[in-house]
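Subject: Structure handover and what turned up in it

Hi,

Here is the structure I promised to pass on to you.

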Amino acid sequence: MNYKTHFAERLKELMIEHDLIPGTLAEALKINRSTIARYLNGTRQPSVNTFVIIADYFNCTADFLLGFESINSKSDFKKCPPFKEQLKIILDKENINKYQLCKITGIAESAIYDWQRGDNQPSLSNIVQIAKKLNLPVDYVLGRIDY
């Protein structure tokens, strides 16, 4: 199973655990009910912002929600900074530059440049790719935790 399938399964599990139906969750998150249905059947992945809203709603780690951890280590999560700020922190802490990040992750240099300028935001798939290739928690890459 990949993280997209795990996300759908974990979302279902969390909804059952919290006794929620798609319409109730959609209303609580202020998103369309059909969007929740697409997440649940695995035909759509949330944007990074929506993903964080879902993780915050269920007070779970991003890694748990994506199926990378089997136990939810609930914590106090920080508000995510703009990704361009978190990217700078990651590059500094990992002692790499954007060219090395591009080479390590296979993400286009132009995408990373756009993130640095704040012109664009990474997809959830890009966040996961960065986390996995640099061996970092997804929550750290998002800026929800310090590492």
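To get you started: in which loop does S73 lie? The answer is the loop between α5 (62–65) and α6 (83–94). Helices here are DSSP runs of H or I with at least four residues, strands are runs of E with at least two, and both are numbered from the N terminus.

Two words on conventions. This is a predicted model, in which local features need pLDDT of at least 70 and side-chain atom pairs count only at pLDDT 80 or more, while totals for chains, interfaces and linings use all residues. Residues are numbered from 1 along each chain as its sequence is written, and side-chain values use heavy atoms, with hydrogens and water left out.

**Overall build**

The chain has ten helices and zero strands, so its pattern along the sequence reads α-α-α-α-α-α-α-α-α-α. The chain is as compact as a globular protein of 147 residues, because its radius of gyration is 15 Å, close to the 15 Å that the globule rule gives. That radius is taken over C-alpha atoms, and the rule is 2.2 Å times the number of residues to the power 0.38. Along the principal axes, the C-alpha atoms fill a box of roughly 45 × 30 × 25 Å.

Of the 147 residues, 42% are buried. Buried means under 20% relative accessible area, exposed means over 50%, and partly exposed is in between, using a 1.4 Å probe and protein chains only. As for contacts (heavy atoms within 4.5 Å), among those between residues at least 6 apart in sequence, 61% join residues at least 24 apart.

**The core**

The largest nonpolar core holds 44 residues, and L11 and F58 have the most contacts inside it. Such a core is a set of buried Ala, Val, Leu, Ile, Met, Phe, Trp, Tyr and Cys residues joined through side-chain atoms within 4.5 Å. Leaving aside neighbours within four places in sequence, F58 is in contact with L11 itself, and also with L14, M15, H18, L20 and L25.

**Helix α4 and the largest pocket**

Which helix gives the most to the lining of the largest pocket? That is α4 (residues 48–57), with five residues. The lining has 15 residues, and V48, N49, V52, C80 and P81 lie nearest the centre of the pocket. By type, the lining divides into ten nonpolar, three polar and two charged residues. The pocket contains about 290 Å³ of space.

For your own grid work: on a 1 Å grid over the protein atoms alone, a pocket is an open set of points where a 1.4 Å probe fits, with protein on both sides within 12 Å along at least five of seven lines, and lining residues have an atom within 4 Å of a point. Points are joined across faces, edges and corners, and the volume is the space filled by probe spheres set on them.

Two further residues of α4 are worth a look. F51 is found in this helix and counts as buried, at 0% relative accessibility. Beyond four places in sequence, F51 is in contact with F7, P46, A62, L65, L66, L124 and L142. D56 is also found in α4, but counts as partly exposed at 40%. With residues up to four places away not counted, D56 touches F77 and R144.

**Loops**

Back to S73: at 44% relative accessibility, this residue counts as partly exposed. Its C-alpha atom is separated by 9.5 Å from that of D63, ten residues apart along the chain.

N95 lies in the loop between α6 and α7 (98–105). Its phi is near 55°, a positive value in a residue other than glycine, and N95 counts as exposed at 68%. N135, in the loop between α9 (124–133) and α10 (138–142), has a positive phi of about 55° although it is not a glycine. N135 is exposed too, with a relative accessible area of 63%.

Is L136 buried or exposed? L136 lies in the loop between α9 and α10, and at 5% relative accessibility it counts as buried. L136 touches I90, E94, A131, V141 and Y147, not counting residues up to four places away in sequence.

Definitions and conventions:
Nonpolar A, V, L, I, M, F, W, Y, C, P; charged D, E, K, R; others polar.
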